[in-house]
Amino acid sequence: MTFFLQLMVSGFALGMVYTLIAIGFVIILKCSKAFNIAQGHFVMIGGYLGFTFLVTFHLPVWASLLAAVAVAIIMGLLIERLTLRPMVGQPVLAVIMMTIALSVVLEGLATLVWGGEYKTYHGVLPTITLKVGELSIPPETLIGVIVSIIVVIILMLFFRYTRSGLAMMATAEDEQVVQSAGIKVTTVYALSWVIACIVGVIGGIILGGVSGVMIPLANVGMKAFAVVLLGGVNSIGGAIVAGIMLGVLENVAAGYLDPLLPGGGLANVFPFVVMIIVLIFRPHGLFGLVEIERI
Amino acid sequence: MGLPSGTFNQGYAQDMAIFRTRTQWVMLFAFLILLFACPLFFGDRILTVLTIIGISIISVHGLNILTGYCNQISMGHAGFMAVGAYTSALLTAKLDFSFWAALPCAALAAGIVGIIFGLPSLRVKGFYLIMATVAAHFIIIWVILQLYGVTGGADGMAVPRPEIGGFVFKSKASYFYLVMAIACLGTFFAKNIVRTRAGRAFIAIRDNELAAEVMGVNLWTYKLQAFFIGCVYAGVAGSLLVHYVAFATTDQFPFMNSVWYLGMLIVGGMGSTMGVIFGAVSLKLLDELVTVVGPILAAAVSPQAASSLGLIMRGLVILLFLIFEPRGLAHRWQMVKSYYRLWPFSH
């Protein structure tokens, strides 16, 4: 039982980080209808930025976070203006290939700047130790959960109460109506990319603190896609629920089934199995809108 | 459109001909003779590059039918290649099949796996289908790694070179001939498949799925057919690849290969047989450029710059093509052709 609860708890913590990454994806998708394959690479860059500011420059944690967010803002603006703006109105494949090309370039840049090596800053982030009965919650995961929850709440408030947040929600509904209401859609697109970059970078710093950073960290984006599909691509609430579900399911399944399988590594394919099942039986996900198509 | 000045079609056969004029026939045979004379002029290193290009062309033809013509975007092509590769490897190494029997089996196995993973395409499209095929790739590779006793898992397995009547395709030159012959056949079939009823159905599905269905195109049949054909090509390419390397591991089919195949389609031009060849050749040549420039860059700047060069170059090429020439090199080629056909007149 303790084993099971332990798996549940660490799965929950993992799920919150998935949620954070998935939200960045959902925001871009909602506002600009672009599927951002590079979201995982924002996370990887975030991890490396965390390493640079925390270890190389020895900045305090708050300053590192601010600096990383500043870099994320610049990155988001540049990416949107240079690569995604020309893709407005292009077919789905072109946009997706663009984000893939972007992810490849980001990977190349990470190799260029940080050498693509394994970097770790274990023990630099603040920790909170918590023990409930026999359950021990890994300290760095807990801080990750807290930061994730804070960011998610800030985002929800942003979309609910601020002008730009409401403009983004309106753009998600209908671009043309929004334009006639005097909202600049290109600004909204830029804003959505900036937010996605910030969210990805914060997720990267958290994950980097837990398990270190290297290029394959970008694969976490793949898991975020499973989360997004399960929750429904255009639902932020769905991303939260699905993120936690997937994190827990993945951990429990791997914990019980991995010893039975010779090769192991079930945690790595689990999200993909979920993806296929969701796509066959419930393509719009748990909370997504069913798209109605017209000729 | 597309005919030299003064040439007119006067019947169905002429209208349908791929090679319409005598000049085109002459150029075709000149090209084939030059292609098959390559081993006489080039050393093993260039032949290796050409062989890999040939295998890529076969694979990308499949992807072109699936993605370029039928708009069912597959990002698991390397996974389907792995299916063909391992089928052929197991049949020849473990069950003593000859390569010539194993190759069709590999194609069939990849096709059937393709149909299975194509099933989501009946309900979803665009990004969702991409995710389904990405999932297909990772699940296939995982299953291969799990079947340790059969496939050797991560250790891989040795695969014999193909042979025919005692002659073993051992030298680079002989394997080059094998691959190029199959690549030419593959090109021929790919060009013709899209001119059949099924091919026209694929194009209808690409242009508008709902409209195609209303017109009487059976989406179920034709989408799965497109998956089958596309993956058959992948299976053949995968089989050729492992028999060439004489060793099969899952490392030969990384996920990024699926992405590069799509990149080749983008660079070459989607929905064009010529584009497949342009795309495969140009991206592979870019790779070669990187392997040549890499060491120089490593010595002059830093080893990091050299290892990142390939990624940045490839990413940038796809990125720039998407922005400035989304229709690919094939479209440029058409423009050049119509220009010199009409020269010196402007239209």
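How many residue pairs are in polar contact between chain A and chain B, both at pLDDT 80 or more? In this predicted model, local features need pLDDT of at least 70 and side-chain atom pairs count only at pLDDT 80 or more, whereas totals for chains, interfaces and linings use all residues. Residues are numbered from 1 along each chain as its sequence is written, chains are lettered from A in the order in which they are written, and side-chain values use heavy atoms, with hydrogens and water left out.

The count between chain A and chain B is 0 residue pairs in polar contact, a term for N or O atoms within 3.5 Å, where within protein one must be able to donate a hydrogen and the other to accept it, and residues adjacent in sequence count only if both atoms are side-chain atoms. By class, the side of chain A that touches chain B has 38 nonpolar, 7 polar and 4 charged residues. Contact (heavy atoms within 4.5 Å) involves 49 residues of chain A and 44 residues of chain B. The two chains bury about 3900 Å² between them, 82% of it on carbon and sulfur atoms; buried area is the accessible area (1.4 Å probe) lost on putting two parts together, summed over both.

Chain A is divided into domain 1 (27–213) and domain 2 (215–289), with bounds from an automatic or database domain assignment. The contact takes 19 residues from domain 1 of chain A and 10 residues from domain 2 of chain A. About 1200 Å² is buried between these domains, with 83% from carbon and sulfur atoms.

How values were computed
Ala, Val, Leu, Ile, Met, Phe, Trp, Tyr, Cys and Pro count as nonpolar, Asp, Glu, Lys and Arg as charged, and the others, Gly among them, as polar.
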